[in-house]
Amino acid sequence: MTKTDGKKKEGRVVVFGSSTAFNGTLAFKETLRIQGKFKGTIEASGDLIVDKGAVVEADHISVTSLVVYGTVIGAVHAVDKIDMFSGAEVRGNVSAARLRIADGVLFEGQCGMTGIGKDVEIFSRPTEEIKAELQRTSA
């Protein structure tokens, strides 16, 4: 497991490299990038990135946001968004407030769109993020 600095929006990113295979339950608060193989359950308050060539097989994935370039098999719930990029393969039902599926994605499952809750948590989020969300909802 390697720790690297990500883009300023992502903060710290933990990487499971391409030679990593992990079975079990994952829980994390920041951003996790999987480049290898994972099988199990993911219950996290952070973001998950599944790189090209990576395979994630989970009975359940619950994250803040999910970005898929590789393969995800299993039910996914993202509080904020799910992005599936060209070449990605997603097999399972997904639910999120925002969903983006690019051309060239293999997707088998059902989509459920959830609303972002009206409660605003001001103590755990940056002020700029709250302002941007309020501007989006009032427009």
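A residue is termed buried under 20% relative accessible area, exposed over 50%, and partly exposed in between, with a 1.4 Å probe and protein chains only; by this scale Tyr69, at 31%, is partly exposed. The structure is a predicted model, in which local features need pLDDT of at least 70, side-chain atom pairs count only at pLDDT 80 or more, and totals for chains, interfaces and linings use all residues. Residues are numbered from 1 along each chain as its sequence is written, and side-chain values use heavy atoms, with hydrogens and water left out. The chain holds 1 helix and 13 strands, and 36% of its 139 residues count as buried.

**Overall architecture**

- Helices (H or I, at least four residues) and strands (E, at least two) are DSSP runs, numbered from the N terminus.
- Along the sequence, the order of elements is β-β-β-β-β-β-β-β-β-β-β-β-β-α.
- Contact denotes heavy atoms within 4.5 Å; of the contacts between residues at least 6 apart in sequence, 2% join residues at least 24 apart.
- The chain has an accessible surface of about 8,500 Å², and carbon and sulfur atoms account for 52% of that surface.

- Two strands are taken to pair if DSSP finds at least two bridges between them.
- Strand S2 (residues 12-16) and strand S4 (residues 31-34) run parallel and are joined by 4 bridges.
- Within this pairing, Val15 stands opposite Arg33 in S4, and Phe16 stands opposite Ile34 in S4.
- S4 also runs parallel to strand S6 (residues 47-50), again through 4 bridges; here Leu32 faces Leu48 in S6 as its opposite residue.
- Because 4 of the 5 residues of S2 are buried, this strand is largely enclosed by the rest of the structure.

- Gly36 occupies the loop between S4 and strand S5 (37-43).
- With a relative accessible area of 3%, Gly36 is buried.
- Apart from neighbours within four places in sequence, the contacts of Gly36 are Phe16, Gly17, Ser18, Thr20, Ala54 and Val55.
- Gly36 and Lys52 are 16 residues apart along the chain, and their C-alpha atoms are separated by 9.3 Å.

**Nonpolar core**

- A nonpolar core is a set of buried Ala, Val, Leu, Ile, Met, Phe, Trp, Tyr and Cys residues joined through side-chain atoms within 4.5 Å.
- The largest such core has 28 residues, and the members that touch the most others are Ile34, Ile42, Leu48, Ile61 and Val63.
- Two or more residues of this core come from each of S2, S4, S5, S6, S7, S8 and strand S10 (94-96).
- S7 supplies the largest share of this core, with 6 residues.
- Beyond neighbours within four places in sequence, Ile42 is in contact with Leu26, Phe28, Leu48, Val56, His60, Ile61, Ser62 and Val63.

**Leu66 in strand S7**

- Leu66 is a residue of strand S7 and counts as buried at 2% relative accessibility.
- Setting aside neighbours within four places in sequence, Leu66 is in contact with Leu48, Val50, Val76, Lys81, Ile82 and Asp83.
- The C-alpha atoms of Leu66 and His77 are separated by 8.8 Å, the two residues being 11 apart along the chain.

**Aromatic pairs**

- Rings of Phe, Tyr and Trp (its six-membered ring) pair if their centres lie within 6.5 Å; planes under 30 degrees apart count as stacked, over 60 as edge-to-face and the rest as tilted.
- The whole structure contains 3 aromatic pairs.
- The ring centres of Phe16 and Phe22 lie 5.8 Å apart with planes at 55 degrees, so this pair is tilted.
- Phe16 is buried at 9% relative accessibility, whereas Phe22 is partly exposed at 30%.
- Tyr69 and Phe85 form a stacked pair, 4.8 Å centre to centre with 15 degrees between the planes.
- This pair links distant parts of the chain, 16 residues apart: Tyr69 lies in the loop between strand S7 (55-68) and strand S8 (71-84), and Phe85 in the loop between S8 and strand S9 (89-91).
- Phe85 is partly exposed, with a relative accessible area of 28%.
- Phe16, Phe22 and Phe38 are linked into a cluster by ring pairs.

Technical notes: Accessible areas come from the Shrake-Rupley method with a 1.4 Å probe; for residues, only the protein chains shown count as cover.
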